[in-house]
Amino acid sequence: MNANEEKVLILDFGSQYNQLIARRVREIGIYCELKPFSMPFEKIQGFGPMAIILSGGPSSVYDEKSPKIDTRIFEMGIPVLGICYGAQLMAYTLGGKVVPADSLANREYGRTETEFDTNSSLFGNISSKSITWMSHGDSVERIPDGFKAIAHSAGCPFAGFENTAKNFYAVQFHPEVKHTEEGFEILRTFLMDIAGAKAQWSMANYKLTAIEQIKAKVGDGKALLALSGGVDSSVAAALMSQAIGEKLTCVFVDHGLLRKDEGDQVEEIFSNYPVKFVRVNAQKHFMDKLAGVTEPERKRKIIGEEFIRVFEAEAKKIGAVDFLVQGTIYPDVIESGMGSNAAVIKSHHNVGGLPDYVDFKEIIEPLRNLFKDEVRQLGRELGLPEYLVSRQPFPGPGLAIRVIGEITEEKLAILRDADWIFRSEVEAAKVPEASQYFAVLTNTKSVGVMGDGRTYDYTLALRCVSTSDFMTATFTRIPYDVLEKVSHRIVNEVPHINRIVYDITAKPPATVEWE
Ligand code: XMP
C-alpha cells in the first residue's frame, strides 16, 4: 500500500478523548479519520482502512440503547484495536462477558499501575510495569475464546487481551492519554508492527495530494473565498491558489477592526500569490454602522450582518461562481458531527452564514480533515510567513469587542498601538504557555499625573491566558519585569493611557474576551 493511501478508521463511541486518538495516529504518521460508530458497513469498506480503532465511550454494553457495532467489521481481515468501551464491546460482541459497574467494588479511575505481558504482540516494545490511565465502570470478566490476557492491574484482570490469529487487540485503559506512560508506543506497535503501516504520511505529501484533488474537482470552474487574514482562511487561500491559480478570487473585507498593520500584511502576502485578490476597504461603512453602539451583542450582530452584506455586494460583481471555499477545520467537523449543544455564550461571528447569500453550486472545504497545528504546518509547506501561520486566535468582530463601549477611530488607534507593544514584548520575552494575549481599552478614565500636570485618561487592561482548548483558561503568570517594561513603554509611547491593569481572572468565571 502506498504510504499516502494508508488510512486508519476510528469509530467514535463518544469518549472525551477521541480527538486525542486521531491526534496520536497522525503523529505516528498515518492518515486517519474519526467517524460515528453508526457508519454504515458499506461506507467503512469504501473508506478502505488498513486498521480500525474502536474508541472509548460513556456507555455500558448492557444498556439497550448503547452503541453497538456492525459485526462484519470483524470479518474484514484487518487489525482491530478496542479501547475502553471499545474493548468491552469487542469482548461482548465476540462472546466474552462484561460485568456492570454496580457489581464491582473496584471501579478504576485515574493513574493505575499496570503489568504487561511483554511476550505479547501488543506490548512487546514496552516495559513490564508502568502507569496507565483508567476510566471505567464496567469491566471485562471473561475474554472471548481465542483471546489471551496480556495485561492486568489491581482492579482489572483483563486490562489488555489479544487474539493474534485474528489480529484483534483490546486495552481497558486509554493509550491516547499522556498519563499512560507508554501509550504512544502501544499505539505505534499496533499500527506499524501489527497493521504494517509504513507511516510516512506527511504534510508535504498531503499538500501534493490535496492540490491534485482540488484541480480535478474544480476543473475549469471558478471559486470564491472570503479571506479574513486568520490562519484557516489564509491557508485555504494559499492551497487553493496553488491548485487553481486565478480561477480563485479571494475577497478580503477590511472592516477596520483589525490589529496594527494586519490589513496591509494580508494584502501584501496575497498580492504575491497567483489569485485574484480583492480588498474591500469597508472601514467607514462599519464605523458608520457601529456609531453610538455600546452593547456587546449588538456590536457582534452588526458586524456579522454587515460583513455578509459587503461580501455579497462584492460577490455580485464577480457573478455566479461554481465553488465557495470555506476554511472549516477538523475540530469543527467533529464538534458538529457529535451534535455539540454547548450553550451560546456569545454569538460567534464566522462566515458560516454565507452560503445563503452567494450564488454558487458547491462548497469546498480543503482543510476539513486537518487539526489546527496541521493547518499551520500546511501553511508553512505552502510558503506562508511564520507570523501568519502561528497567529493566535483573533475574534471575527476584531477590536470592536476589545474597545469597551462605543467605538471611535481614536480609541481604535490607541488600542492598536498599545496592543502591538504588549504582543511584541510577550513574544520577545518568550513567555511560556501564553496562548492568547492582547490589550483591551476600557471605558474607565481615571486621574493620573504626568510631568507637572494632572491627566484624566483611559485605563488599559492587558489579558494573557494559558489554555489548550479556550473552553477554560487560566491567566498566564507573566514575569513582573516583562509587565513593567510593557507598562513603561505603553504610557510613554501611546497617548491617552495613564493606567494599566493586568487581568488575573480565569475562565470561568470570566471569558477570554471582555465583551
Ligand atoms: P471567549 O471570550 O468566549 O473566547 O472566552 C474564547 C475564544 O474564542 C475567541 N472568540 C471569538 N472568535 N468570533 C470568533 O471567531 C467571535 O465572535 C469570538 N469571540 C471570542 C476568543 O478570542 C478566544 O480565543
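Predicted model: local features only at pLDDT ≥ 70, side-chain atom pairs only at ≥ 80, totals over all residues.

**Stop 1: helix α5**

Select residues 203–218, which make up helix α5.

Now color Met203, Tyr206, Lys207, Ala210, Ile211, Ile214 and Val218, the buried residues of α5. Turn the view until you look down the axis of α5: these buried residues fall within an arc of 135°, so they line one face of the helix. Why does that kind of spacing work? An α-helix has 3.6 residues a turn, so residues three or four places apart point the same way.

Which residues are exposed on the other side of α5? Pick Leu208, Gln213 and Ala216 and you'll have them.

Next, show what covers the buried residues of α5. The cover includes two helices, α6 (231–244) and α11 (372–381). It also includes the strands β2 (31–36), β15 (323–325) and β16 (362–364).

Before you leave, step just past the end of α5 to Gly219, which takes a positive phi of about 55°.

**Stop 2: salt bridges**

How many salt bridges does a search of the whole structure find? The count is 37. Here are some to look up.

Select Lys148 and Asp117, whose side chains meet in a salt bridge at 3.4 Å, N to O. This pair links distant parts of the chain, 31 residues apart: Lys148 sits in strand β9 (residues 148–153), while Asp117 is in the loop between β6 (108–116) and β7 (129–136). Lys148 counts as partly exposed at 43% relative accessibility, and Asp117 is partly exposed too, with a relative accessible area of 22%.

Jump to Asp193 and Arg188, another salt bridge, with the closest N and O atoms 3.8 Å apart. Asp193 is partly exposed at 48%, and Arg188 is partly exposed at 23%.

Then go to Glu386 and Arg380, where the side chains meet at 2.8 Å, N to O. Glu386 has 40% relative accessibility, which counts as partly exposed; Arg380 is partly exposed as well, at 32%.

Definitions and conventions
Residues numbered from 1 in each chain as written. Heavy atoms only, no water. Helix = DSSP H or I, 4+ residues; strand = E, 2+ residues; numbered from the N terminus. Expected span 1.5 Å × (residues − 1). Buried < 20%, exposed > 50% of the residue type's maximum accessible area, 1.4 Å probe, protein only. Arc of directions from axis to C-beta. Contact = heavy atoms within 4.5 Å. Salt bridge = Lys/Arg side-chain N within 4 Å of Asp/Glu carboxyl O.
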